[in-house]
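Please look over the model below before reading the numbered points.

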Amino acid sequence: ISWFDFATAIRDINQYSCNVHPIPTSAYPTPAKRPGYSALDTTGFKNTFHLNIPNWYDSLEKCISIMPA
């Protein structure tokens, strides 16, 4: 997922009415150079530890549900 997808999911789970606008990385300059595309691959972790990693959205919902208001 992108940071936009992540922010949109947080908005949706919390039923906020705010707008979330996607921006390109070039519009958010940082001192560190960022790759154009990067993804977290959990295959090695799953294979090493024999664990099933839940879907990110399900995990986000759970995390938000246990956070204090």
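**Notes on the predicted model**

1. Glutamine 15, with a positive phi near 60°, follows helix H1. Helices here are DSSP runs of H or I with at least four residues, numbered from the N terminus. The model is predicted: local features need pLDDT of at least 70, side-chain atom pairs count only at pLDDT 80 or more, and totals for chains, interfaces and linings use all residues. Residues are numbered from 1 along each chain as its sequence is written, and side-chain values use heavy atoms, with hydrogens and water left out.

2. Glutamine 15 is not a glycine, yet its phi is positive. Most residues other than glycine have a negative phi. Glutamine 15 sits in the loop between H1 and helix H2 (43-49). Its relative accessibility is 71%, so it counts as exposed; the cut-offs are over 50% for exposed, under 20% for buried and partly exposed in between, with a 1.4 Å probe and protein chains only.

3. Histidine 50, also a residue other than glycine, has a positive phi near 55°. Its place is in the loop between H2 and H3. Histidine 50 counts as exposed because its relative accessibility is 70%.

4. H1 covers residues 3-14, and at 1.5 Å a residue its twelve residues should span 16 Å; the end C-alpha atoms are 17 Å apart, which agrees. The expected span is 1.5 Å times one less than the number of residues.

5. Which residues of H1 are buried? They are Thr8, Ala9 and Arg11. They cover an arc of only 165° around the axis, so they lie on the same side of H1; the arc is taken from the directions from the helix axis to the C-beta atoms. Helix H3 (56-66) is included in what covers them.

6. Arginine 11, in helix H1, is buried with a relative accessible area of 18%. Leaving aside neighbours within four places in sequence, arginine 11 is in contact (heavy atoms within 4.5 Å) with Tyr16, Cys18, Asn19 and Val20.

7. The largest pocket holds about 1100 Å³ of space. A pocket is an open set of points on a 1 Å grid over the protein atoms alone, where a 1.4 Å probe fits, with protein on both sides within 12 Å along at least five of seven lines; lining residues have an atom within 4 Å of a point. The volume is the space filled by probe spheres set on the points.

8. The lining of the largest pocket has 29 residues, and Ile1, Ser2, Trp3, Phe6 and Ser38 lie nearest its centre. H1 gives the largest share of this lining, four residues. By type the lining divides into 19 nonpolar, eight polar and two charged residues. Nonpolar here means Ala, Val, Leu, Ile, Met, Phe, Trp, Tyr, Cys and Pro, charged means Asp, Glu, Lys and Arg, and the others, Gly among them, are polar.

How values were computed:
Helices (H or I, at least four residues) and strands (E, at least two) are DSSP runs, numbered from the N terminus.
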